[in-house]
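Visitor: Please show me the model, and let us then go through a few of its local features together.
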Amino acid sequence: MAIERQHVKEQDKIERRHNFEPVESNLTEEQVKLEASRCLHCKNPRCVAGCPVNIQIPDFIKAVKDGDLNKAGEIIRQTSMLPSVCGRVCPQERQCEGQCVLGIKGEPVAIGALERYVGDNTKAEMPEIKPSGKNVAVVGSGCAGMTAACDLRKAGHDVEVFEALHELGGVLRYGIPPFRLPRVVLDREIENLKAMGVKFHTNVVVGKSITLKQLKEDGFDAIFICSGAGLPKMLHVPGENLNGVFSANEFLTRVNLMHAGQPDSPTPLRVGKKAAIFGGGNVAMDAARTAVRAGFEEVYIIYRRTEKELPARLEEIRHAKEEGIVFKFLYAPKEIIGEDGYVKSVELEVMELGEPDESGRRKPVATGKTEIMELDTVIVALGTGPNPIIQKSAEADGIEIITDKKGYITVDGETRATNIPTVYAGGDVAPVGESNAINAMGAGKKAAKAINELLSK
């Protein structure tokens, strides 16, 4: 408790508005040693229980403290092959760090920053692989897919990953901006999987390019579906079809994956003066901060509850405020108003908080008052749902994949098994708990464990 928590250095808040370079740098070597010395090495480490992939956190921190970074890297990679990714994008404050004993009376150990430092400064050792003679198909190359692919390959199976887009990484690449997750980091983690012998296929839309039935006929002994949830939820208000209205999914994909913010892009982005993002989660923060860097002069986040109810990480909210993004609370869109086919303004309903809803948060209620806000761009960040393409194509082949009323694939909570023998699902297409990178990785690990047990019989 006598040693204060160490904090990473951040890029100047004015300068970073004009570039996509990482906002945060790593801790220094001296800071890492100080931070590692803060760990109490509890006999019953709550931090491990708070990690969906059960990284042995006190053990890797002890190795850091002892000056053995390579050992620390080996300990982390026993359960997670994405330490540099998770150290940057995981909500540690609600998971491992949220369980840290030091956090009861002070600040928890900076587990995420230590994990990131170890991941960035150590190399993954390639495991000895004994061929099992079995083949597994993984549909999607995001967090769940890469994690499952790694564990399945370690077990000796031939693993082939099918990615719908032209680049690998799933939401880590098209959804999370490079100022939060540098592409060199993501590429390094993918290259490690390739070095292990995992095969990747891009531009393959399972359900369109190839069906579930065809994968089975091609001899795959098991299939893990982790195709994500790329179907955006929209506002359903008049004017939503106007030019200048984007889903956050489209906006971020065009900038992150297709480089639409650059002047020489083949699919350029029409940059206006004022942009409003509707939503309050991490995706809304990413979209707003990306809009600033794309060149919008004024960027607003409009949220129908108060700041207290914002679901985004506190760090992301702070960064957004530092970068000049204006938050407007207790407003909801009523109509998007256009001129010559383009967004001109939006009519906002003034809200107030009523009784709690099923989520436990107080429900926003319209007061009857409205305001007009001049805008030229609207970005909708209200979440996404599952694209039903795999389920529909399977149904056409006489295979019924059971889904819930929202269209998510129904799975067993522990094994991630679907109703179809040898077919498993996880990640955002079959969520269990909060939708984020580390939970998707946890789903990938559970599916891989179940598939390994199935194929060892």
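Visitor: Is C51 buried or exposed?
Guide: In this predicted model, where local features need pLDDT of at least 70, side-chain atom pairs count only at pLDDT 80 or more and totals for chains, interfaces and linings use all residues, the relative accessible area of C51 is 9%. Buried means under 20%, exposed over 50% and partly exposed in between, with a 1.4 Å probe and protein chains only. C51 therefore counts as buried.

Visitor: Which cysteine sulfur is nearest to that of C51?
Guide: The structure holds zero disulfides, a disulfide being a pair of cysteine sulfur atoms within 2.5 Å. C51 is accordingly in no disulfide, and the nearest cysteine sulfur, 6.4 Å away, is that of C96.

Visitor: What is the strand order of the open sheet of three strands?
Guide: Residues are numbered from 1 along each chain as its sequence is written, and side-chain values use heavy atoms, with hydrogens and water left out. Strands are DSSP runs of E with at least two residues, numbered from the N terminus, and two of them pair if DSSP finds at least two bridges between them. β10 (331-339) and β12 (362-374) each have a single partner strand, so they stand at the edges, with one side of each left without a neighbour in the sheet. With antiparallel pairing, the order is β10-β11-β12.

Visitor: Which residue of β12 is the bridge partner of L348?
Guide: Strand β11 (residues 342-356) runs antiparallel to β12, and nine bridges join the two. The partner of L348 in β12 is E371.

Notes:
Helix = DSSP H or I, 4+ residues; strand = E, 2+ residues; numbered from the N terminus.
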